[in-house]
Amino acid sequence: MTKPTLDVIGRGGFGYEFNAVASGQSPLFKSFCTVMDMFTLHKLLIDIYFPFAKWILPTEFLRHIRVRRARAQIMDTCRTLVEDKKRAIESGRKLGASSDLLTVLLRANIEETDPMKRMSDEEVGAQVITFILAGHETTSVALTWCLDFLSKDPRVQAKLREELITDMPNKADDPSKDLLLSTTNYLEAVTRENLRVQPPVPRTTRYCAMDDTIDGHFIPRGTLVSVYPDIMAKKESVWGTDALTFRPERWQEPESETKPFGSFMPFMMGPRNCIGSRFAILEFKAILAVLVRNFEFAPVEGQEMRKVLHLTVKPETFLKMLVIRV
């Protein structure tokens, strides 16, 4: 799932073609995979607590060399992307109806009159890298788990496909805008339930900028607070005795409108929530709609699957499925 999501974030976010699906051997795609692989939990622990390991262990030294080369290639690509788009804007060259994220960001940056608020090209490039890495990884993981849930629940999968066939009578049809933007259809319910049962990022942290008291507990300034959306979304006191069950219908029940604040926050909440949440949801829905409309998914018997925490929660190995064209 990383290939289509990388292509989508490249085209929709930056007007750039990664061609990850068309060319699975794309060097840039391999570079992104190499960089993301460094965020496995045990590798992060080695880098944090044993930073000298790369000078002692040959395997760690070679890993850091690979990551450094991959990071350099990604940064060079992002730098070129920013420079080309900036030249096009400054020269007045028509960019058509281009309203991708990078174009909007650069135009706003160029028009900024306060030099203290204007970002350098290096800072813009760093933002591009962040959007690409965070934007495609979380969506691809969410799609992986959703297909896993659907493959193990033929009823839900058939019900979703029935709705999609109504909206997309022909297999080659694209999902309609009404389908993707609806907040009451079954596709929306499946999307929300997937994010509830398995949020791509189950844990995050927040730095306490000032002394505070929460629920009677004093939290001093400088404390690093861990937040677990995964735990909040599985409390039986909120979601019922079937809180661990993948059941999209719960989002079409009246009770779904009265859940306590903070019980469902796959993209976090407040001023530091995920700024790409709407883009991610629409991307997720569009890809899922096309896949489920055209293919039936079933589990592979005897497959043992373990979840591994990187920055996101992934299967330890490739998640295999039986895929049948509808």
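How many cavities of 30 Å³ or more does the structure hold? The answer is 1.

Some ground rules. This is a predicted model, where local features need pLDDT of at least 70, side-chain atom pairs count only at pLDDT 80 or more, and totals for chains, interfaces and linings use all residues. Residues are numbered from 1 along each chain as its sequence is written, and side-chain values use heavy atoms, with hydrogens and water left out.

Now, the empty space. Rolling a probe the size of a water molecule over the atoms shows where empty space is left. On a 1 Å grid over the protein atoms alone, a cavity is a set of points where a 1.4 Å probe fits but cannot get out. A pocket is an open set with protein on both sides within 12 Å along at least five of seven lines. Lining residues have an atom within 4 Å of a point. Grid points are joined across faces, edges and corners, and a volume is the space filled by probe spheres set on the points.

The largest cavity holds about 30 Å³ of space. Its lining is Phe18, Leu28, Phe32, Ile74, Thr77, Cys78, Leu81 and Ile132. Helices here are DSSP runs of H or I with at least four residues, strands are runs of E with at least two, and both are numbered from the N terminus. Helix α4 gives the most, with 4 residues. By class, the lining has 7 nonpolar, 1 polar and no charged residues. Nonpolar covers Ala, Val, Leu, Ile, Met, Phe, Trp, Tyr, Cys and Pro; charged covers Asp, Glu, Lys and Arg; the others, Gly among them, are polar.

Two or more lining residues come from each of α2, α6 (121-151), β5 (295-299), β7 (313-315) and β8 (321-325). Helix α6 gives the most, with 6 residues. The lining divides into 16 nonpolar, 6 polar and 5 charged residues.

On to helix α12, residues 277-294. The expected span is 1.5 Å times one less than the number of residues. For the 18 residues of α12 that should be 26 Å, and the end C-alpha atoms are 26 Å apart, which agrees. Buried means under 20% relative accessible area, exposed means over 50%, and partly exposed is in between, with a 1.4 Å probe and protein chains only. In α12, 13 of the 18 residues are buried, so the helix is largely enclosed by the rest of the structure.

Is Arg250 buried or exposed? Arg250 is buried, at 5% relative accessible area. Its place is the loop between α11 (236-239) and α12. The Arg250 side chain makes a polar contact with the side chain of Glu193 at 2.9 Å. A polar contact is a pair of N or O atoms within 3.5 Å; within protein, one must be able to donate a hydrogen and the other to accept it, and residues adjacent in sequence count only if both atoms are side-chain atoms. The Arg250 side chain also reaches the backbone oxygen of Trp239 at 3.2 Å.

Glu257 lies in the loop between α11 and α12 too. Glu257 is exposed, at 66%.

Last, Thr80 in helix α4. Thr80 is partly exposed, at 41%. Thr80 and Gly125 are 45 residues apart in sequence and 8.9 Å apart in space, C-alpha to C-alpha.
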